[in-house]
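I opened this notebook to keep track of what I looked up, beginning with the chain as a whole and then turning to one strand and its partners.

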Amino acid sequence: MATSWFSVLILVSIVFSCFLAASAGDFYREFDLTWGDKRAEILNGGRLLTLSLDKASGSGFRSKREYLFGRINMQIKLVSGNSAGTVTAFYLSSEGPNHDEIDFEFLGNLSGDPYIVHTNVYSQGKGDREQQFYLWFDPTKNFHTYSIIWSPQRITFMVDNIPIRVFNNEESIGVPFPKNQPMKVYSSLWDADEWATRGGLVKTDWSKAPFKAYYRNFNAYSWNSVGTDVWRTQALDATGRRWLRWAQKYHMVYNYCADLKRFPHGRPRECRRSRFL
């Protein structure tokens, strides 16, 4: 009998409990503050990290370690109030012009309007595989968990353990897939009011600065570091697929595969193979 998706979640929690307890939440050990001067801070003995944005600069951080496949989790509380024009990015990336990248970007909005989660996958320097979703909760009131599960077969984007997107490896039909370059974890808070909110129509209100995002309970594990193949071939089970359909039916606001004006000569090849990307 095939192992269910939720059974694998439980198994991984048990197998990695000691490993995660040792590495989760210690931002001093896991990350370097890379830009923004003192706008990025590690607090509470390494258990909390904050990023800040003002008119002079944003800020960011990067993991000390590289990962080649695995699961990356971060709890984030996003910029509150009028966050229009701001972008909080949480992503994996390698380096160089032919880099690979797996993106969460959270696009700010006017007070009371929902955040948009922008997702993208780059391979060999090429992205253009965007999907966007409205979050079904206020991500500024509490911390929520955002996860990237990356295997040689697929990439799964998850919000509070609910899958919102699956990008499958379709190299068999000539679609590049990120699988050869180790990547570090990055996050940044920056001004993108030329495009982030309603296509750039709504600008950043600097009277509301500084804008702040908060991070806690980071954990990450790669296949090699823990010596198990339990995630390597695991796909979503029926329950996971139902959650994925729910997220894509009720909360998706943009799908590159459905953008016929963008691809007048035919949709990308991977769009013809799977309903869920």
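This is a predicted model: local features need pLDDT of at least 70, side-chain atom pairs count only at pLDDT 80 or more; totals for chains, interfaces and linings use all residues.

I number residues from 1 along each chain as its sequence is written, and side-chain values use heavy atoms, with hydrogens and water left out.

For secondary structure I noted five helices and 15 strands in the protein chain, where helices (H or I, at least four residues) and strands (E, at least two) are DSSP runs numbered from the N terminus. Of the 277 residues, 53% are buried, which I take as under 20% relative accessible area with a 1.4 Å probe, protein chains only.

I then turned to strand β6, residues 86–93, and found eight of its eight residues buried. In a regular strand the side chains alternate between the two faces of the sheet. Both faces of β6 are covered, with Thr86, Thr88, Phe90 and Leu92 on one side and Val87, Ala89, Tyr91 and Ser93 on the other.

Which strands pair with β6 in the antiparallel sense? I found β13 (residues 184–191), over eight bridges, and β7 (residues 101–107), over seven bridges, where pairing requires that DSSP finds at least two bridges between two strands. Ser93 has Lys184 of β13 as its bridge partner, and Leu92 has Ile102 of β7.

Notes: Buried means under 20% relative accessible area, exposed over 50%, partly exposed in between (1.4 Å probe, protein chains only).
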